[in-house]
Amino acid sequence: MPTEVQQSLINRTGIMLGAIMFLVVVNMLASFFTAESAENDAVRINLAGSLRMQSYRISEALLIESDPVLNPGSASLVADRLIEFEERLYRPVLVHHLRTIGKGNIPELLNDLEIRWSQIKSAALEGEVSKAELLSDIDAFVVIIDQLVKEMERETESKFDLLRIIQGSSLILTSIFVVIALWDISTNVVVPMRRLVRMAKNVEKGDFATRVVIQGEDELSVLASALNQMSESIERTYRDLENKVSEKTRHLERAHDGLQLLYDSRRVLSGDGGLNHRIRRTLDLSCRYFGARLVSADLTSIGGTQAFNVLSAGDDSGQLDQSNYQRHAVKIGRGDTDLGELTIILRDEDVFDNEQVLLLKALADNLAAALVAEWRHGQQHRLVLMEERAVIARELHDSLAQSLSYLKIQISRLQMLQSRGADPEQLNDTVIDIKTGINAAYGQLRELLTTFRLKLTASGLKAALEETAAEFSQRGELDITVEYLLAEHPLSPNEEIHMLQIAREALSNVIRHANASSCRIKLRHDSEHYIKMTIEDNGVGLREVNNRVAHYGRIIMKERASSLGGTVSFGASSQGGTAVELEFIPAIIRQGNEQQSGSTEEQA
């Protein structure tokens, strides 16, 4: 395709317009010169025609000059007419033009006219010939004048005929040039421009495959070549972009599938069921994702716990030909702790790039996290079990053991009184004390059993407190209300259990010792994130309650408050009874404050 303009449309159009302008100018000049040359033809023809009248007037003067009736003054009419005729004949506008520009027979006729005029003039002035002969010469002279006038008219008509020929030829040539120009513009401009516009619309719609071929070496052919190259370049760029988008889409799909694998593996590993079952399900997911023949995990023990067998998914028959497969293995571990190895076996034609290596490592990290979490869960379970046993032992020691110790002392006292022969009334008082202690110990035992069986439902602390309030209301015919204002405050399950047990202990004391008709449990928090739980009644108050059971209950509540990192206080309520108030900061907020203060110290 041409890259430079060899046949310019502007030049071609200029040539055609120039030709049309040339014809127009020629036509105008021809009209101008014809009009210029024929400007005085009418005057000359009229003047030449008037010579005939003057000739007749000379004849008339010859006839009436000698008649006294017609010429009473005997004026020289012939001489006057001759002078007037000669003045008209030799006017420059007529005789100069006929002599210098006249064509055809005009110069000869003018010469003949002048000779005849000279003869007629001499004969009329000198009277050499008769009037009849002179009149006959004048008639012949008029014939010559008529011929001259006709020649002059024919010459003028020839000028206008030439003008018509020139104008007709110019019109025909102009029409031909206009038709040629329109055909050239239509063929070489309009049609190519329509094709270019159609191509531009197709490009606008996203069709870059359209090409325009324009013959020639003008501007439009160069423009078509440039548009074709541009469209080809855009199509190539668009194709490259589509390929890149497709590649990025495939990459994102793979990344999405990889993230989905990690999410599903994390969900499975953190779900229900045995650890072996969860790991095997994770390996099944990995095997389907990678399209592997085999995915296996060789796991070791953690901290002396039981070791796992080799778990696998896929073709685990052990008959794979290693020469036809590729093997990849990554370490399963946390820090310096080696927890095993994750192995994947693929076909030789399968692609296993760096992204999949990273994904396999992330999967191994998930397995390691699951193993560590399982180990920590076991450790935590053992710690919770030991702590719960310690709590049971402490509460048995603080309540039932002390009551039994008291009963043992009372029985020893009874035996000593019997051996001394004490009176029956004194022995009966001791038996009554022992019976009272047994009843108290039995009540403590039932309370401990209720406490040990206590658990929170999925509804949370508020529902548990409401159930506890309903239970103690039925037990002691007591009106108990709960005001729970901790909807958005974080509490751990351990903290909720301790708060529930403190509330139950306080309500138990209210029923047994306060002799109250109403009680209120209120939970709230202040601006410093302190959780406050208040149990207050309208009973007899602390001064009236002074027995060992109530004393043991207060000790248990203080120990539970201490395990929460807080305090419990006992005082008078606004209703005249007793108020028990627990106050502590939740562990999650306390840890956040400690981390924030630690980072502040590091920045300082």
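Strands β6 (residues 518-525) and β7 (residues 531-537) run antiparallel and are joined by seven bridges. One of the residues involved is Lys-522, whose bridge partner in β7 is Thr-534. Keep in mind as you look around that this is a predicted model.

The two strands belong to an open sheet of five, with mixed pairing and the order β5-β6-β7-β9-β8. At its edges sit β5 and β8, each of which pairs on one side only. On average, neighbouring strands here are turned by 10° against each other, direction ignored.

| Helix | Residues | Strands it meets | Angle between directions |
|---|---|---|---|
| α11 | 461-476 | touches β5 and β6 | about 170° with β5 |

Now for the nonpolar cores. Which residues have the most contacts inside the largest one? They are Phe-85, Ile-138 and Met-152, in a core of 34 residues. Helices α2 (41-64), α3 (77-89), α4 (92-100), α5 (106-126) and α6 (131-204) each supply at least two residues of this core, and α6 gives the most, with ten.

Leaving aside neighbours within four places in sequence, Met-152 is in contact with Arg-44, Ile-45, Ala-48, Leu-94, Leu-98 and Ile-106.

There is also a second, separate core, made up of 31 residues. Among them you will find Leu-461, Ile-502, Met-533 and Val-568.

Terms used: Residues numbered from 1 in each chain as written. Predicted model: local features only at pLDDT ≥ 70, side-chain atom pairs only at ≥ 80, totals over all residues. Heavy atoms only, no water. Pairing = 2+ DSSP bridges. Helix = DSSP H or I, 4+ residues; strand = E, 2+ residues; numbered from the N terminus. Axes fitted to C-alpha atoms, helices over the stretch in contact; angles between N-to-C directions. Contact = heavy atoms within 4.5 Å. Core = buried A, V, L, I, M, F, W, Y, C linked by side-chain atoms within 4.5 Å. Buried < 20%, exposed > 50% of the residue type's maximum accessible area, 1.4 Å probe, protein only.
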